[in-house]
Amino acid sequence: MIEKALKGSRNYWLWIGLLLLGIGAGSVAFSRQMWEGLTVTGMGRDVSWGLYIAQFTFLVGVAASAVMVVIPYYLHNRKEFAKTVIVGEFMAVAATLMCMLFILADMGRPDRVLNVLLYPSPHAMVFWDVMVLNGYLLINFVSAWTVLGAERKGVPTPKWVKPIIYLSIPWAFSIHTVTAFLYAGLPGRHLWLTAVLAPRFLASAFAAGTSLLILVTLVLKKTTGFDAGNEARRKLAVLATYAGIANFFMIGTEFFTAFYSNVPAHMHGLQYLFFGFEGKSNLVPWMWLSLLLGFGALAILLNPKLRQTSKWLVAACVGMVSSIWIDKGVGLVLGGFVPSPLEEITEYGVTLTELTVTLGIWAVGILVLTLLLKVAVTVKKEQEA
Amino acid sequence: MNEDRRSFIKKAGIGILAGIGSAAGLFPALSLEKTVFPAWDEKPEPGKHRWGMLIDTRKCSGNCKECVAACHFTHNVPDFGNRKDEVKWIWKSSYENVFPTASRQFQSSEVTERPYVALCNHCAEPPCTKACPTEATFRRWDGIVSMDYHRCIGCRFCMAACPYGSRSFNWRDPREGIKLASTEYPTRMQGVVEKCNFCSERLVKGLDPACVEACPEQALVFGDLNDPASEIRKLLESSETMQRKPELGTKPSVFYII
């Protein structure tokens, strides 16, 4: 089936070429990082995780959001999601792959990554995260590829794939819960030490992931003529609205607990992120931009007239994805390190090398997604013809 | 293949392996690394000993950095002269940084202006070893929280988990930051985490940790917290002491007399 990805228009190949260029640049930057060490990034003794881990966290959410199309289509038999479900599953595959690449890029000794499997440590959340992420990648790829293959041959979907699809539903929740547990169980990091982190991760994932999915279907419609349908997009927008409201509600509860209790350690992280702490305020404009974009997106989505206009829907989706990308892909990770457990304040500034590696990994993910969707769209179009 | 030949080859192979093994045991002089016989000749028994340290901050004087210098020299800790790449096993800091959750209101200025020595607490309930996905950091049978630099994958989870900032990562090749190399302890490679090891390599030779030995004021006392007759236990009995962030339940093995 993969041969379908090898035949495309001039624009298709230009796009592939552009992505390969990005991957090339990322590889050069990564080899520099391997050679000179992680000192070439903005990370340091006090802020020991940065952009890589933050991107990883955001993308786990994107991966988990595939469940928002799998549940209505496979559990509730909602036919309007028939064309979206494959897009969601392949997006999950690409996002999970990027998650793993970001983890590798962040490691001091990626050559030793197999130690995680050689010395399995059930007490470590990383061990579980590696397990569930690899499992999720496999589950989504196998189920999407098998269903698509059966469709191409015009035969019924093999029976064994159904249980795997059902398994992907709780599994999607597990990947983001375990990812939240990476943070939520660490003493002395008060921004993360909150029981609401896992539910908040799920809510923000379902808001940003479904918004991204809407955008991807619109891009597919424009570039390939393959339309997942307005009905599916309309329903996804409703899901994104609910999830977005839940996310901002939980952010609000964090503020209440921290500031009403008046416990200094609980307030510090939020103070640094949103108001600046002891004169250090690099992230303040970003965090307010995130809130602004998020609330703006919700305002559009809550207005029935606006959300049914394609342009406004795009604006809302872009706003929601950017808002949560800033909140989860920048703020959450850095806020856990500032101030440090010894109440020292060191700010983080991203470096060009780090940024190039990050772009490279995104290019890998988008390339994989492009190839998978190319196959899917070609098969679907052949069926229709 | 003939059954007899097959079993002969099997047996001969096992015999050769056994021969090599016993030869290494019979001639210890032939081994690549010399074994230092431990200061205690008993079998390690988990939980029997728990090494700990007591720091009498009243004796610690402002500008003296002998403990830091001795430790960092002994263990080949690099110095790059910048905070971002900094690696440290033991350091001096202010009251509010070492005890950020302790009371500071109306505290005597003499107490808050005194320097405080900070190092790994070798917690009895270490969050770092729990977070490590490869057991590269682990709590030993004698309570020391140790590192296996050859197993560490450099994920820095232990650094996020440690509430005391006691862990450092080798952001770059540490050998470039070592001016005077010590032969007492191996250097590390780029990309792994390191920290104070309570001088486990000196303890097996019956020596005190390097910082304890170097302190001109004898402000640092090292000993077995599980031995009621040890000097450290007697001092803990007779003085008012505190631990860093006791509210986190990590049970530090490093105590302070304020």
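Visitor: Among contacts in chain B between residues at least 6 apart in sequence, what percentage join residues at least 24 apart? After that, take me to the open sheet of chain B, please.

Guide: The share is 66%, for contacts in chain B between residues at least 6 apart in sequence. Contact here means C-beta atoms, placed from the backbone, within 7 Å. A word on the model: it is predicted, local features need pLDDT of at least 70, side-chain atom pairs count only at pLDDT 80 or more, and totals for chains, interfaces and linings use all residues. Residues are numbered from 1 along each chain as its sequence is written, with chains lettered from A and ligands numbered from 1 in the order in which they are written.

Start with the whole chain. Chain B has 258 residues, and 38% of them count as buried (20 or more other C-beta atoms within 10 Å).

Now the sheet. It is open, with four strands of chain B. Their order is β8-β1-β10-β9, and the pairing is mixed. Strands pair if DSSP finds at least two bridges between them. The edges belong to β8 (220-224) and β9 (241-242) of chain B, and each pairs on one side only.

Go across it strand by strand. β8(B) pairs with β1 (residues 51-56) of chain B in the antiparallel sense, over five bridges. Look for B:Met53, whose bridge partner in β8(B) is B:Phe222.

Next comes the parallel pair. β1(B) joins β10(B) over four bridges. Here B:Leu54 stands opposite B:Phe255 in β10(B).

β9(B) and β10(B) are antiparallel, with two bridges. B:Met242 has its bridge partner, B:Tyr256, in β10(B).

Return to β8(B), an edge strand of this sheet. Helix α9 (residues 231-238) of chain B packs on the sheet. It touches β1, β8, β9 and β10 (254-257) of chain B. The direction of α9(B) makes about 115 degrees with that of β8(B) (axes fitted to C-alpha atoms, for helices over the stretch in contact; angles from 0 to 180 degrees between N-to-C directions).

Pick one residue on that helix. B:Arg233 lies in α9 of chain B. Is B:Arg233 buried or partly exposed? B:Arg233 counts as partly exposed, because it has 17 C-beta neighbours inside 10 Å. Partly exposed falls between buried and exposed, where exposed is 12 or fewer. Leave aside the neighbours within four places in sequence, and B:Arg233 is in contact with B:Leu225, B:Asp227 and B:Pro228.

Chain B puts 39 residues into its contact with chain A, and chain A puts in 31. On the chain B side, α3 (95-98), α5 (127-131), α6 (157-161) and β6 (168-169) each supply at least two residues. Which of the elements gives the most to that side of chain B? α6(B) does, with four residues.

Note on methods. Contact = placed C-beta atoms within 7 Å.
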